[in-house]
Every structure is written in C-alpha cells, then in structure tokens.
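Please open the structure in your viewer and keep the selection panel at hand. The stops below are meant to be followed in order.

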Amino acid sequence: MGEGEQLHAQRRRRFWMILAGLAMIGAVAGFFSGFWAGFTDARGGEITSQMQALAAIGIGLLALAAAYGSWKFFVSVDEVEVADNLWGSLIGFYAYAISFPAWWALWKIRLTSPPDHWLIYGFAMLTAMAAYANRKWQSR
Amino acid sequence: MENRLRVLRAERGWSQAELGGRLGVSRQAVNAVETGKHDPSLPLAFKIARLFELPIEDIFSEGNSNG
C-alpha cells in the first residue's frame, strides 16, 4: 500500500469514526427519549420539576454533542463531501419551503386537514437524504 | 471544465485512493474531479498542480462544465 493509500485509509477511518459518533448520539437520544416516554407513561404522565430539569440538561447536552459532532464532521471532510451536503440541504429546504405553505393553503380552502409539522419535517429530511444519496451515487 | 487528471494519475501508476491520500481528499472526490462532476476549488487545483509539478493550465482547461 502506497503512502497516499495509507493516508487515505486513515482519512476514511476518521470519517467513519465521526459518523459512528454522530450515530451514537442519535442512538442515545432515541434510547433515553423512549425510556422517558415509558417511564412517564407508567407514572400516568406525571412529571416532577426534578425530572424536568434532568431532561432539560440531557436535551442540552445532546444538542451540544450533535452540534460539536457536525462541526467536527465539516472541518474534517473534503470539498466534494461539503458540496454534497450543501446540495442535499438546499433541496431538503426547498421541499420544506414549498410543501408547508402548499399544505397550509390547501387546508385554508378546506381541502385537507391542518399541516402536520412532523410529517413535513420527515418529508424534508427524506428529500434531503435522497438528494445527498443521489450525488454520492453519481461520484461513487 | 476538462482535466487530464486521470492520465496524469495513470502515468504515475497511482490509484484514485493513492492520489486522494496525497491530496487529502477522498477517493470519491478524485473520481468526481476526474469525471468532471465536480470542479475543484482553487486551493485544491493548486494542490493538484503542485503534486504533479505542472502549471494549472496544463491540467485543467475550459470545456463542458457539469458544476
């Protein structure tokens, strides 16, 4: 293996380590939010101020970890990866910017139910991921 | 933009991963530049030129651009 290929392998390892870190943050968030939902349901939905404070700290820490992980990702990837992310984000943003007012207008003329923000959020995320995956597929 | 990256790389017997490692970019990035799917930034173009010890215009030339 040449000198460049060794550097490339190191780079790939770093990339996947950061991605694994970000996935871990998502897994921790999923585990604790599920645990929290089950725990509060078992108590009949009751939340004490101590539980509230603990949850707020947890959410803050997860948000900080996600922000740090994303920053670390962007400073370590190359310009093609950044461009792929920017294109994915832009197309995802358009999906949101078009779908929400369209649904809202349809609701206003009484053709649909009110806009479901989580559904639109999911649609925008899926569109962004599809655009990103398409670019990755083209430069594989 | 058109480029001679693939030819220059082949002349040295380097794989895309080898060139990517030397440039500090991924193999996919090298492929994207070689196939014209990505026009490199000026810093990357200068890095490529330095690595091959050629002027930029000997590697890149105007042509069809895919952005």
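What follows is a short tour of a predicted model, with something to select at each stop.

Begin by selecting chain A and colouring it by its domain assignment, which gives domain 1 as residues 1–77 and domain 2 as residues 78–140.

Next, select residues 79–108 of chain A, which make up helix H3. Continuing past H3(A), select Arg110(A), which follows the helix and has a positive phi, near 65°.

Return to H3(A) and ask which of its residues are buried. To see them, highlight Val80(A), Glu81(A), Asp84(A), Gly88(A), Gly92(A) and Trp103(A), the buried residues of the helix. Then show helix H4 (117–138) of chain A and H3 of chain B, for both are included in what covers those buried residues.

The last stop is the contact between the chains, where 19 residues of chain B meet 15 residues of chain A. On the side of chain B that touches chain A, select helix H2 (16–23) and helix H3 (27–34) of chain B, each of which supplies at least two residues. H2(B) gives the largest share of that side, with six residues. Colouring the side of chain B that touches chain A by residue class will show seven nonpolar, eight polar and four charged residues.

Technical notes:
Residues numbered from 1 in each chain as written. Chains lettered and ligands numbered in written order. Predicted model: local features only at pLDDT ≥ 70, side-chain atom pairs only at ≥ 80, totals over all residues. Contact = placed C-beta atoms within 7 Å. Helix = DSSP H or I, 4+ residues; strand = E, 2+ residues; numbered from the N terminus. Nonpolar A, V, L, I, M, F, W, Y, C, P; charged D, E, K, R; others polar. Domains from an automatic or database assignment. Expected span 1.5 Å × (residues − 1). Buried ≥ 20, exposed ≤ 12 C-beta atoms within 10 Å, placed from the backbone.
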